[in-house]
Each structure stands twice: as C-alpha cells, then as structure tokens.
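Good morning, everyone. Please have a look at the chain on the screen, and then we will walk through a few of its parts.

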Amino acid sequence: MAWAPKKLKCAELLSCKHTDKLHVKCTVTATDGNLDQTKEIQQVSLRPLPGKLIADLNALVDRNTFGDVAILVGDQRFLAYKGVLSVRSSGFAAMFNHPMQENIENSVTIDDVEPEVFKELLRYIYTDEVTCLETMAFKLYATADKYALSTLKSICRCHILKTLSLDTGIKTLMLGDTHSDRDMKEYTLQFLSRSGVAGKLTSTADWKKMFLTHPHLVNETFDALARKVASTEE
C-alpha cells in the first residue's frame, strides 16, 4: 500500500503521542527580489577613491593662506610651516632650530631669490614635484644648493645636462664652477670640447663674459679641447 502525504489539522497534531513519528517534507524557493538584490551588490565598486594629498598640498602653496612663518621674497609674502621647511631642508632647519631673529619673529626675508623661483622651491618642498624645469632649471638649481635640497639640485642638474647645447654650454660651465659641482663641470667640458662645438665657442657672448669673469674656466676649456685632440690623434 503506497503512502501518500496528507494535510494534518491542529487537533490531530495535539492528540499525537510522544512515540508517534511525524515526517515533514519541505520545498524551499528563492524569490526574484533576493536575486535582484545580489545583482545590485555586485555593481558596487570595491575600489577606494584615489588619494589627493599632492593636489591638496599644491593648493596650499597656491592659496598661500596658512602657515606659522612669513617669508618675504621681493615684493611678495609667502606663508609656510617651519616644521615642513625644516624636515625637508637642512638650510631652513639651521635657521629655525636656533634662537635667531627669524625664528623669534616668525619672519624671514630673502633678497637673493626671485619670488616665482621661491614659490616653485616651496612647491617642491611640499609636494616633491617640479613642474617648471624648462624655464627655471638654472635658477632652481642655485636656490636648491643654497638651501641644501640635494634631490632638487640633482633633478635640475640632470635636466640642464640633458638639454645641453651651444647656447647653454658656457652658462652651465660657470654654474657648475660657482657651486663646486665637479660632475656638471666635467660633463660640460667634454661637451664643449667636441669638434662641432669648440669652433663656435669663442664667437658667443657667453664666452666673452666668461673670459672676463671666470678666466680660469677659459684655460680649463682649452685644456679639455687639447686632451680631446690628443686622444683622437693616438
């Protein structure tokens, strides 16, 4: 005899003995609403928003509204934070770690740097980025050397040497000599001693200027040229 399931009433369930057995068969189905909700979850992006620290620090430099020290450069006034300047530049650290007038009055005057150059120096200090090498590499190099920013100085040096030409050669040689940059001097002397460049040097305005202000570099240039000629004849 085949067994078939039947519907039980509540009264029948209550009259069952504790030794009786009850078999329950269940069918479980998922609704479309739950499936749609799963699809919505899968569409949510699990990637965090990109950081904007550099953009915010650039804005801090451009807006020039916050700082604990005022730096007067020419006719412009820049606000900055001593802690940031000191940790990035040993030159500024020496200024602010001692009871100097600038540290006491929270005011610094710089009269040998152009305002636009100092602003880009400040931008590098805050963001570790340089955006104006095409127009300021030489001036930024000199300012970076003054404030002991060796990495910025290296960045400027690489750009200057990569773009070295007859028009910038003498200027680069004098820059390297002024700042005791042996690598810059040696590289530039090798460039100036090339046959395609050496013959045109003496007719440039920079050569005449160097002859008056840096006569020892004239001798070094001729020495480099002589060594170049001697090496080609061997």
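Which residues in α10 meet which residues in α11? On the α10 side they are Leu 166, Gly 169, Ile 170, Thr 172, Leu 173, Leu 175, Gly 176 and Asp 177. On the α11 side they are Met 184, Lys 185, Thr 188, Leu 189, Phe 191 and Leu 192. Contact means heavy atoms within 4.5 Å. The residues of this contact divide into 8 nonpolar, 4 polar and 2 charged. Here Ala, Val, Leu, Ile, Met, Phe, Trp, Tyr, Cys and Pro count as nonpolar, Asp, Glu, Lys and Arg as charged, and the others, Gly among them, as polar.

Before going on, two notes on the source. This is a predicted model, where local features need pLDDT of at least 70 and side-chain atom pairs count only at pLDDT 80 or more, while totals for chains, interfaces and linings use all residues. Residues are numbered from 1 along each chain as its sequence is written, and side-chain values use heavy atoms, with hydrogens and water left out.

Now the whole chain. The protein chain has 14 helices and 3 strands. Those are DSSP runs, numbered from the N terminus: helices are H or I with at least four residues, strands are E with at least two. Of the 234 residues, 35% are buried. Buried means under 20% relative accessible area, exposed means over 50%, and partly exposed is in between, with a 1.4 Å probe and protein chains only. The accessible surface comes to about 16200 Å², and 55% of that belongs to carbon and sulfur atoms. Such areas come from the Shrake-Rupley method with a 1.4 Å probe; for residues, only the protein chains shown count as cover. Take the contacts between residues at least 6 apart in sequence: 55% of them join residues at least 24 apart.

Back to our helix pair. How do α10 and α11 cross? Helix α10 covers residues 166-178 and helix α11 covers residues 182-192. Their axes come within 9 Å and cross at roughly 150°. That makes α10 roughly antiparallel to α11. The axes are lines fitted to C-alpha atoms, for helices over the stretch in contact, and angles run from 0 to 180 degrees between N-to-C directions. Under 35 degrees counts as roughly parallel, over 145 as roughly antiparallel, 65 to 115 as roughly perpendicular, and the rest as oblique. The crossing of α10 past α11 is left-handed. Left-handed means the near helix is turned anticlockwise from the far one by less than a right angle; clockwise would be right-handed.

Stay with Leu 189, in helix α11. Is Leu 189 buried or exposed? Leu 189 is buried, at a relative accessible area of 4%. Leave aside neighbours within four places in sequence, and Leu 189 is in contact with Leu 173, Glu 220, Thr 221 and Ala 224. Phe 222 is 33 residues away along the chain, and its C-alpha atom is separated from that of Leu 189 by 9.2 Å.

Thr 221 sits in helix α14, residues 215-233. Thr 221 is buried too, with a relative accessible area of 5%. Beyond four places in sequence, Thr 221 is in contact with Leu 173, Leu 189, Leu 201, Trp 207 and Met 210.

Next pair: α8 and α9. Helix α8 is residues 133-146, and helix α9 is residues 150-162. Their axes come within 8 Å and cross at roughly 140°. The two helices are therefore oblique to each other. This crossing is left-handed. Among the contact residues are Leu 133, Glu 134 and Ala 137 of α8 and Cys 156 and His 159 of α9. The contact divides into 10 nonpolar, 1 polar and 4 charged residues.

What does His 159 touch? Not counting residues up to four places away in sequence, His 159 touches Leu 133, Glu 134 and Ala 137. His 159 is buried, at 16% relative accessible area.

Last stop: the loops. Ala 148 is in the loop between α8 and α9. Its phi is near 60°, a positive value in a residue other than glycine. Ala 148 is partly exposed, at 39% relative accessibility. Asp 128 lies in the loop between α7 (115-127) and α8. Asp 128 is not a glycine, yet its phi is positive, about 65°. Asp 128 is partly exposed, with a relative accessible area of 47%.
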